[in-house]
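Here is a short report on one protein model. Look at the structure first, then read on.

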Amino acid sequence: MITTVRGSMSDRLIEAANELFYAHGLRAVSVDKVIERAGTTKVTFYRHFQSKDDLVVAYLEHRAARERAGVDAAIAHGDGDVDVTLSLMAGHTGAMACEPDFRGCPFINAAAEYPDPDSPVRKIVDEHRGWWVRAFERLVAPLGLAEPAAVAEDLMLLRDGVMVAGYLGDPSRVGASFLRSCRAVVGSAPRAAAGA
């Protein structure tokens, strides 16, 4: 007889939150709904999370870890070829936007629901966005750009736009549009002077 282990209760609660928060919004989903989805009790929930906001932070940390692993894998696979990496990222984003349950960027969504910049939720959002900008800087580093930080910020702006467009626009077109836009930004960026 084979027994299936479902993982820790904390993991089950985060996975339930991941499904519900992303589909319905952070404020719209009650702790009771998460508890029901995870198949547990309030007592057990509060053993793992002191508040709903703590669960929201854990959910966003979980989403951030998955995104970071994917981006790091794309950069590693590109092995210094910026266009290969951008093509991988655009292809993944385009495929993700075409999934029927796609609702855009969970971090942009969270920021809209938690406007206080001092809230723990917004701090996680800001931290992850900072990570993205640094990842774009790593991505363009082989190009020897004069202002890699500015280009990384431009790429972050495009990434934000593609996540919104994937939800609100025609998702079948966003991957190709993202790639064209990224190529335009990177291609037009001034290179550092030789020996600089």
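## Helix α2 and its buried face

In this predicted model, helix α2 covers residues 31-38. Four of its residues are buried: Val31, Val34, Ile35 and Ala38. Seen down the axis of α2, these buried residues fall within an arc of 100°, so they line one face of the helix. An α-helix has 3.6 residues a turn, so residues three or four places apart point the same way.

What does the buried side of α2 pack against? Its partners are α1, α3 (42-48) and α4. Just after α2 comes Gly39, with a positive phi of about 70°.

## Helix α7

Helix α7 runs over residues 120-140, 21 residues in total. From first C-alpha to last, α7 reaches 31 Å. That is close to the 30 Å expected at 1.5 Å a residue.

The buried ones are Val121, Arg122, Ile124, Val125, His128, Trp131, Trp132, Ala135, Phe136, Leu139 and Val140. Two tryptophans are on that list, Trp131 and Trp132. The cover over these buried residues includes α4, α5, α6 (106-113), α8 and α9 (171-188).

## A loop residue with positive phi

Asp79 sits in the loop between α4 and α5. Its phi is positive, about 50°, although Asp79 is not a glycine. Is Asp79 buried or exposed? Asp79 is exposed, with a relative accessible area of 68%.

## The largest pocket

Now turn to empty space. Rolling a probe the size of a water molecule over the atoms shows where empty space is left. The largest pocket has a volume of about 630 Å³. Its lining has 25 residues. Nearest the centre lie Arg63, Arg66, Glu67, His92 and Met96.

Which helices supply at least two residues each to this lining? They are α1 (9-24), α4 (52-78), α5 (82-97) and α8 (148-168). Helix α4 gives the most, with six residues. By class, the pocket lining has 13 nonpolar, five polar and seven charged residues.

## The cavity

How many cavities of 30 Å³ or more does a search of the whole structure find? The search finds one. The largest cavity has a volume of about 50 Å³. Its lining includes Phe21, Tyr22, Tyr59 and Arg103. Helices α1 and α6 each give two or more residues to this lining. The largest share, four residues, comes from α6. By class, the cavity lining divides into six nonpolar, two polar and two charged residues.

Conventions:
Residues are numbered from 1 along each chain as its sequence is written. This is a predicted model: local features need pLDDT of at least 70, side-chain atom pairs count only at pLDDT 80 or more; totals for chains, interfaces and linings use all residues. Side-chain values use heavy atoms; hydrogens and water are left out. On a 1 Å grid over the protein atoms alone, a cavity is a set of points where a 1.4 Å probe fits but cannot get out, and a pocket is an open set with protein on both sides within 12 Å along at least five of seven lines; lining residues have an atom within 4 Å of a point. Grid points are joined across faces, edges and corners, and a volume is the space filled by probe spheres set on the points. Ala, Val, Leu, Ile, Met, Phe, Trp, Tyr, Cys and Pro count as nonpolar, Asp, Glu, Lys and Arg as charged, and the others, Gly among them, as polar. The expected span of a helix is 1.5 Å times one less than its number of residues. Buried means under 20% relative accessible area, exposed over 50%, partly exposed in between (1.4 Å probe, protein chains only). Contact means heavy atoms within 4.5 Å. The arc is that of the directions from the helix axis to the C-beta atoms.
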